[in-house]
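Reader: Before I use any label attached to this model, I would like to see each one set against its cut-off. Could we go through them in turn?

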Amino acid sequence: MSTDVATTAVPPRPAVPAREPVRSARREGWRRRAPLLPALVFAILVTQIPFLVTLWYSLNSWNLVRPGSERFVGLSNYADVFADRVFRQAALNTIVITAGCVIVAMLLGVALALLLDRRFVGRSVVRTLIITPFLIMPVAGALVWKTTMLDPLFGIVNFVLSPFGAGDYDWTSSAPLISVIAALVWQWTPFMALLVLAGLQSQGRDVLEAAQVDGAGAARTFRSITLPHLRRYIELGVLLGAIYVVNTFDQIYIMTQGGPGTASSNLPFYIYQRAFLGFDVGQAAAMGVVVVIGTVVIATLALRLLFRSFVQEDR
């Protein structure tokens, strides 16, 4: 009795892809990135190395007025930072200044952008002049606001308000946060207006004409069509404005010196006070590290939300 043994052909192994194309692609990638390496090295030298030094200082107790006082204390400086009442007040002032400036500047920027998007005689000249506050140095702008606009005796603001009984009000002493926010809004409104204006000019005119044909009024068209289109531009302006305004130093130093007392001190100015007026290097470094980490975390979350909205709108 014989049995037939069926033989099955063994399938050949898939050919291993050659590594030469992969290596050539890598070489091409490095060749394209090579011109950026000097900039990357420079950025690391001027940002990351000082941050590492600051991180080391934050773990030490060191007061410049006491020579030889430097010693390692671990996380003690960070505990003192979070227990510091003035630091918490400066953090609250930073939030108030940043939120107030960004919100008001964006609202004014949207209004200006809507006006500048219309056709009128001299529109190009007005668009050029409108960005002037953003091009002025912050120190010069702060001096103008302190000496020309908000001076209690000769200020333009009190001159305008004198018929209403507010002609001798000392703005920088009685309302320091409002004074600083006003100067920042004046500086950042042109940036917001230009950003929103770019969004308005990127909007298709056929959509607006279709809305007019359907009988939609100006308010309904803006609310239902224009505002959703401007969402990404508004979010980008809020994000960029907040990142820059949170580091405000010039206006506070020139206009209020953080006063009265510490009523208008924000985090950058309070860190300056601890480092260069109190000579406490350890605590100032710990405050700087806390502020940097908090800013990076908030900016990362905001960027993720912004990019997510971009992806959703592109689908």
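Author: Helices here are DSSP runs of H or I with at least four residues, strands are runs of E with at least two, and both are numbered from the N terminus; Tyr 233 lies in one such run, helix H13. The model is predicted, and local features need pLDDT of at least 70, side-chain atom pairs count only at pLDDT 80 or more, while totals for chains, interfaces and linings use all residues. Residues are numbered from 1 along each chain as its sequence is written, and side-chain values use heavy atoms, with hydrogens and water left out.

Reader: Which residues is Tyr 233 in contact with, beyond its neighbours within four places in sequence?

Author: With contact meaning heavy atoms within 4.5 Å, the list for Tyr 233 is Leu 195, Ala 198, Gly 199 and Ser 202. Leu 200 is 33 residues from Tyr 233 in sequence, but their C-alpha atoms are 9.4 Å apart.

Reader: How many aromatic pairs does a search of the whole structure find, and why is the pair of Tyr 169 and Trp 171 called edge-to-face?

Author: The search finds 15 aromatic pairs. The ring centres of Tyr 169 and Trp 171 are 4.8 Å apart and their planes stand at 75°; pairing requires centres within 6.5 Å, using the six-membered ring of Trp, and planes over 60 degrees apart count as edge-to-face, under 30 as stacked and the rest as tilted, so the pair is edge-to-face.

Reader: What makes the pair of Phe 249 and Phe 269 tilted?

Author: Their centres are 5.7 Å apart, with 35° between the planes, which falls into the remaining class, neither stacked nor edge-to-face. Phe 249 sits in the loop between helix H13 (231-245) and helix H14 (250-255), whereas Phe 269 belongs to helix H15 (residues 267-277), so the pair ties together parts that are 20 residues apart in sequence. Ring pairs also link these two with Tyr 253, Tyr 272 and Phe 276 into a cluster.

Reader: How do you know whether Phe 249 and Phe 269 are buried or exposed?

Author: Buried means under 20% relative accessible area, exposed over 50% and partly exposed in between, with a 1.4 Å probe and protein chains only. Phe 269 has 1% and is therefore buried, whereas Phe 249, at 26%, is partly exposed.

Reader: How is Gln 283 classed on that scale, and which side chain does its own side chain touch in a polar contact?

Author: Gln 283, in helix H16 (residues 281-314), has a relative accessibility of 13% and so counts as buried. Its side chain makes a polar contact with that of Arg 274 at 3.0 Å, where the term requires N or O atoms within 3.5 Å, one able to donate a hydrogen and the other to accept it within protein, and residues adjacent in sequence count only if both atoms are side-chain atoms. Among the contacts of Gln 283 outside four places in sequence are Asn 77 and Val 81.

Reader: What puts the buried residues of helix H3 on the same side?

Author: In H3 (residues 76-83), Asn 77, Tyr 78 and Val 81 are buried. They cover an arc of only 100° around the axis, taken from the directions to the C-beta atoms, which puts them on the same side of H3.
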